[in-house]
Amino acid sequence: TFVNMSLSEIASVSKRALVANGYTASDADILSKVITAAERDLCPSHGLFRLPGYCRVMREDGPFPSPIVEDAALGSVRVDGEGGI
């Protein structure tokens, strides 16, 4: 079954699903924007297709630490993801 959704519906459904599965509101907002942008840009393999996996990973392995970002040199940064996704 196919369902047509507007971009705002995709963002809303994605964010609600992510929060319901343990993501912080801030992290869910970021991920829902990525999912929505992928759908907007006709790249469904990185859009709603990924949502069940993001939810499963959080339920099974989360919560995740916050990344550590530091200036490494002029024009570059070093990011330690601390084992997160």
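**The strand pair**

Guide: Glu70 has Arg78, in strand 2, as its bridge partner. Keep in mind that the model is predicted.

Visitor: In what sense do strand 1 and strand 2 pair, and over how many bridges?
Guide: The pairing is antiparallel, with 5 bridges. Strand 1 covers residues 68-73 and strand 2 covers residues 76-80.

Visitor: How many residues sit between the strands in that hairpin?
Guide: There are 2 residues between them. Gly75 in this hairpin has a positive phi, near 85 degrees.

Visitor: Which residue other than glycine has a positive phi?
Guide: Leu42 has one, with phi near 60 degrees. Most residues other than glycine have a negative phi.

Visitor: Where is Leu42?
Guide: Leu42 is in the loop that runs between helix 2 and helix 3.

Visitor: And is Leu42 buried or exposed?
Guide: Leu42 counts as exposed because its relative accessibility is 74%, and the cut-off for exposed is over 50%.

Visitor: Let's switch to helix 3. Which of its residues are buried?
Guide: Helix 3 spans residues 51-61, and its buried residues are Leu51, Tyr54, Cys55 and Met58. Viewed down the helix axis, these buried residues fall within an arc of 95 degrees, so they line one face of helix 3.

Visitor: What do they pack against?
Guide: The buried residues of helix 3 pack against helix 1 and also against helix 2, which is 25-40.

Visitor: What does the face turned away from the buried side carry?
Guide: That face of helix 3 carries the exposed residues Pro52, Glu60 and Asp61. For Glu60, the relative accessible area is 55%, which is why it is called exposed.

Visitor: Which side chain meets Glu60 in a salt bridge?
Guide: The side chain of Arg56 does, at 4.0 Å from N to O. Both residues lie in helix 3 and are 4 residues apart, about one turn of the helix. Arg56 is partly exposed, at 40% relative accessibility.

Visitor: How many salt bridges does the count come to?
Guide: The count is 5 salt bridges.

Visitor: What about Lys15, which residue does it form a salt bridge with?
Guide: Lys15 forms one with Asp29, and their closest N and O atoms are 3.7 Å apart. Lys15 is in helix 1 and Asp29 is in helix 2, so this pair ties together parts that are 14 residues apart in sequence.

Visitor: Which residue forms a salt bridge with Arg40?
Guide: Asp41 does, with the closest N and O atoms 2.8 Å apart. At 48% relative accessibility, Asp41 is counted as partly exposed.

Visitor: New topic, the surface. Which residues form a nonpolar patch there?
Guide: Val3, Met5 and Val13 form a nonpolar patch on the surface. Together they have about 230 Å² of accessible area.

Visitor: Where does Val3 lie?
Guide: Val3 lies in the segment before helix 1, which is 7-20. Val3 is at 63% relative accessibility and therefore counts as exposed.

Notes:
Residues are numbered from 1 along each chain as its sequence is written. This is a predicted model: local features need pLDDT of at least 70, side-chain atom pairs count only at pLDDT 80 or more; totals for chains, interfaces and linings use all residues. Side-chain values use heavy atoms; hydrogens and water are left out. Patches are made of residues with over 30% relative accessible area and no salt bridge: like charges are joined within 9 Å, nonpolar side chains (Val, Leu, Ile, Met, Phe, Trp, Tyr) within 5 Å. Accessible areas come from the Shrake-Rupley method with a 1.4 Å probe; for residues, only the protein chains shown count as cover. Buried means under 20% relative accessible area, exposed over 50%, partly exposed in between (1.4 Å probe, protein chains only). Two strands pair if DSSP finds at least two bridges between them. The arc is that of the directions from the helix axis to the C-beta atoms. Contact means heavy atoms within 4.5 Å.
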